[in-house]
Amino acid sequence: MLNELWRMTAHQVKEGHFKKAVLAVGACEAHGQHLAEGCDTIVSYKLGKAIADELGDMLVLPPIPVGYSGHYDSFPFTLTLQYDTVTQVIYDIVESVLRNGIDTILIINGHDGNIAPIEVASRKIKEKYPGARIAALDQWWVTAGELLPKGTFEVWNGLGHAGEGETSIAYYLFPEWCEPEQATCRVPKNLPELMGIKWDFSELTNTAQTGDATKGTAEKGEKMFKVLIEYCTKTIKALDAVDWQFEADQK
């Protein structure tokens, strides 16, 4: 489907009559020794494109290929922006979309370091543009594990940076940019279950990878990709059906 903004002419965009837009926010950093450095950008963009294809009225924006990755800077080859820069870039792009007449934006995030900037940028947009409709898939790697049947993943419910889940979806979406023979297993120990530790990634691993990448398969990746597309598509359609109204019934 013709819906990728960077591949379209202005005439094609106008004739597309798009009512929604999707923005992928990624990163460029080491994903173990076995996955492409742009994994976060590639996965989030491909998710957004597939969702847009299903919905039919969604414009696919160019992805943001670099995010905040300072906590991965111990491993080559990390590119990073500052938190404030990432926040402002997201804000500016969303504001541009609003100025072009589209008020419904889905953000697909591919990287943990972008979660806070997405939240802050979205809140700032809502302050200035109360009518903006913004939804975000903040952690697809967590959501996929919650949506798939228990037992789909063998280790740590598929979690980890370039772990079983992320490795699986990479093997499914872009196997030509992966080196499976370089996959490792690094499951951190002694992390508390209900308290977040603010780590530098080098404190968790010496391979730029956590979780068990050796358990990753394209078959698991296909299941992840399809269940995420189904969930996001159904959710956006359900929101449209109620005109994005959330207020509780008055009693």
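## Helix α4

In this predicted model, Pro117, Ile118, Ala121, Ser122 and Ile125 of α4 are buried (under 20% relative accessible area; exposed is over 50%, partly exposed in between, with a 1.4 Å probe and protein chains only). They cover an arc of only 125° around the axis, which puts them on the same side of α4; the arc is that of the directions from the helix axis to the C-beta atoms. The face turned away from this buried side carries Arg123 and Glu127, which are exposed. Packed against the buried residues of α4 are β1, α3, β3 and β4, where contact means heavy atoms within 4.5 Å.

Helix α4 covers residues 115–128, and its 14 residues should span 20 Å at 1.5 Å a residue; the end C-alpha atoms are 21 Å apart, which agrees. The expected span is 1.5 Å times one less than the number of residues. Helices (H or I, at least four residues) and strands (E, at least two) are DSSP runs, numbered from the N terminus.

## The sheet

Four strands form an open sheet in the order β2-β1-β3-β4, with parallel pairing. Its edge strands, β2 (58–60) and β4 (133–137), each pair on one side only. Two strands pair if DSSP finds at least two bridges between them; β1 (residues 20–25) and β2 have 3 bridges in the parallel sense. Lys20 stands opposite Met58 in β2.

Helix α3 (residues 83–99) lies across β1, β3 (104–109) and β4, and runs at about 150° to β3. Axes are lines fitted to C-alpha atoms, for helices over the stretch in contact, and angles run from 0 to 180 degrees between N-to-C directions.

## Helix α7

The 24 residues of helix α7 (residues 218–241) should span 34 Å at 1.5 Å a residue, and the end C-alpha atoms are 35 Å apart, which agrees. Its buried residues include Met224, Phe225, Leu228, Ile229 and Cys232. Among the elements that cover the buried residues of α7 are β1, α2 (39–55), β4, α5 (140–147) and α6 (164–173). Just after α7, Asp243 has a positive phi of about 55°.

## Whole chain

The protein has 7 helices and 6 strands. Of its 251 residues, 50% count as buried. Among contacts between residues at least 6 apart in sequence, 78% join residues at least 24 apart.

## Basis of the values

Residues are numbered from 1 along each chain as its sequence is written, and side-chain values use heavy atoms, leaving out hydrogens and water. As the model is predicted, local features need pLDDT of at least 70 and side-chain atom pairs count only at pLDDT 80 or more, while totals for chains, interfaces and linings use all residues.
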